[in-house]
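Welcome! Here is a short tour to read with the model open beside you.

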Amino acid sequence: MSASALKATAILPGRGGIGGALSDAFWRKPTLLLFVLLTPPLLWLGIIYLGSLFALLVQSFFSIDEFSGLVVREFTLKTYGELLRPANLDIIVRTLTMAALVTIASAILAFPIAYFAARYAKGRWKAVFYLGVMLPLWSSYLVKVYAWKLILAKEGILTWIFDKLHLTVLIDSWLALPVVGGNSLSVSPTGTFLVFVYVWLPFMILPVQAALERVPSNLLEASADLGAAPRQTFLNVLLPLALPGIIAGSIFTFSLTLGDYIIPQIVGTSHLYIGMAVYAHQGTAGNIPLAAAFTVVPVVIMGIYLWLAKRAGAFDAL
Amino acid sequence: MPHAVSFQKVSRHFGSVRAVDAVDLEVEPGEFFAMLGPSGSGKTTCLRLIAGFEQPTSGHIEIFGETAEGVPPYRRNVNTVFQDYALFPHLNVADNVAYGLMIRGVGGTERLREAEAALEMVKLPGYGARKPGELSGGQRQRVALARALVNKPKVLLLDEPLGALDLKLREQMQDELRLLQKSLGITFVFVTHDQGEALSMADRIAVFNHGRIMQTGTPEEIYRRPKTRFVADFVGSSNVLSPALTQRLGGPAEWASLRPEDIRLSTEGAEAVVTATSFLGSATRVTLDLAGEKLTVLHPAGAPVPAPGAKVRIAWDKAALHLMGPEA
């Protein structure tokens, strides 16, 4: 720095130019900066995102002319009525059950991992944790799903391992069960479930870990100090405080399962899930209104779920 | 009658760090006992050893005559008031206070009644429905106190309970804590780095340094007759005189302590040079240079204060010079 730059005046001269004028203006009016920064994303969110959602909602109130196959642009609840047909209702119930089971399994698997990462992992182990959780997200989703198809196939590694352990009878008797079973794991609902849990698990681990990280360890000590055995501390302190994280994670796992159409197509039975139904109706069948109505189902279910969670006090600890 | 808390050669090492190093300690039932020391001196680790959050590396701990090592915190009839209160953020004040009762299976109405009684005791009646986040620091501290006391513990542990409060509130809480302790008759063990707090509240004090207890005694003993240079310096910022200086001033060649308030500026006695003065309100602290050693004098308000650079003479009663031996 030259000596002249250090010359002491109480007020420094302006930086000059457009940049200088802008920074001065933004400093004087912080709301201006906020406006400039927020307008593009709000336009995106408002028009493209919410707008298309609204368009979808409108579409679902149209119906299709059964003879010509053209969309009738008149408001009707006929399409929603079609949702209630046994075949379609089946799809909804199947998808909902799968989403709920996947969410519960993810939460049970994620909690110990997240707990370890939040409480015990330090420095390098923390990096290993993040890498371990995130790494699967870096590779292609399709590749992972096809890899699982091979793992679960009749000639796959899982069958081979069970065979070597002389436990093939376990797989066979499980596959012989109604509803969850099938010819092999890769064409059974159990296979679909396993792949769903594998693919969405990171989305449960990360928010639960973030929530557990925010629980001060002295709360756990205070609970023990007041006479609570570990199980009581878990139920009365740890779980309630981690609940917002579990809810956040379950929003991911639940809604991702509700909307997915690739996994059940590659691994599992020929039964449809909501995502597959949407895909079929808006594509080959050309029934856009019914596809839209199917899409509204997960939106409504998620709305109800969040409302119930809020009423149950899941967000009180936030 | 067994001691309320007794440590026999208790050590707690963290790797190569000896947080607590072969400590012997006895706390009597019904006593208000303070553990005083600078940060990192091992006083908080000792508290955590009593609570059960830490286990000793070696040694033996007894609480009311019963072996405590290996016993988890939830099986000790000991409760803690945490430094930052550690109130459960998802529970309201009443449920926080009633937590220990809830854990022990006391019914809903019964435990809420007891919680309200405990809140009344700490002068927060009717606060049960609020969330901890809506309370001030002083109020949270009272809730933490109620939450611990409602369980009627054999020993109440307090970890720097007044550290986060402002001066006025702190003084008020000191009085209240003392009254509460005397009326309940519960043994209080109380950790602080504030020597004034320890002196004014405790029946007995243990002064900690480097994981060891330097001295245990009544506030009067600790203040008047410190055994080591560290205690003399830490408790009440006494003047510590080197053996050479003590000898020069007419004593034996031993370390000695001399309270700033026991020295007066006089017309006769040892000569010293004023290096600085600072006004404290009720007195003026005068820093002197006496034969190359620093000496502070608490000079009463009202009397004329010498300017820095002035030559003064100092005197004290013979009894005020406390000898600590040649190796203190």
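Let's start with a strand pair: in chain B, B:S6 stands opposite B:E26 in β2(B). Everything here comes from a predicted model, in which local features need pLDDT of at least 70 and side-chain atom pairs count only at pLDDT 80 or more, while totals for chains, interfaces and linings use all residues. Residues are numbered from 1 along each chain as its sequence is written, and chains are lettered from A and ligands numbered from 1 in the order in which they are written.

**The hairpin in chain B**

- Strands β1 (residues 5-14) and β2 (residues 17-27) of chain B run antiparallel and are joined by 7 bridges; strands count as paired if DSSP finds at least two bridges between them.
- Between the two strands of this hairpin there are 2 residues, and B:G15 takes a positive phi near 60°.
- Helices (H or I, at least four residues) and strands (E, at least two) are DSSP runs, numbered from the N terminus.

**Annotated spans in chain A**

- An unreviewed UniProt entry annotates "transmembrane region" at residues 32-58, 91-116, 128-148, 193-212, 233-256, 262-281 and 288-308 of chain A; UniProt positions follow the numbering used here, feature names are shortened, and annotations may be inferred rather than shown by experiment.
- Residues 91-116 of chain A are 100% helix and 0% strand, with end C-alpha atoms 38 Å apart.
- Residues 288-308 of chain A are likewise 100% helix and 0% strand, and their end C-alpha atoms lie 31 Å apart.

- Helix α4 (residues 86-119) of chain A has 34 residues and reaches 49 Å from its first C-alpha to its last, close to the expected 50 Å; the expected span is 1.5 Å times one less than the number of residues.
- α4(A) bends by about 30° at A:A110, with a proline, A:P112, following within four residues; the bend is the angle between axes fitted to the seven residues ending at a residue and the seven starting there.
- α11(A) spans only 38 Å between its end C-alpha atoms, whereas a straight helix of 30 residues would span 44 Å.
- At A:L243, α11(A) bends by about 45°, and the proline A:P244 follows within four residues.

**Domains within each chain**

- Chain A is assigned domain 1 (17-72) and domain 2 (80-311); such bounds come from an automatic or database domain assignment.
- The C-alpha centres of these two domains of chain A lie 32 Å apart.
- Their contact takes 9 residues from domain 1 of chain A and 8 residues from domain 2 of chain A; residues are in contact if their C-beta atoms, placed from the backbone, lie within 7 Å.
- On the side of domain 1 of chain A that touches domain 2 of chain A, α2 (30-60) and β1 (63-64) of chain A each give two or more residues, and the largest share, 4 residues, comes from α2(A).
- Chain B is assigned domain 1 (5-231) and domain 2 (238-325), whose C-alpha centres lie 38 Å apart.
- The contact between the domains of chain B takes 6 residues from each of them.

**Where the chains meet**

- Contacts join 17 residues of chain A to 18 residues of chain B.
- On the chain A side, α10 (217-225) and α11 (230-259) each supply at least two residues, with the largest share, 6 residues, coming from α10(A).
- This side of chain A has 11 nonpolar, 3 polar and 3 charged residues; Ala, Val, Leu, Ile, Met, Phe, Trp, Tyr, Cys and Pro count as nonpolar, Asp, Glu, Lys and Arg as charged, and the others, Gly among them, as polar.

Definitions and conventions. Two residues are in contact if their C-beta atoms, placed from the backbone, lie within 7 Å.
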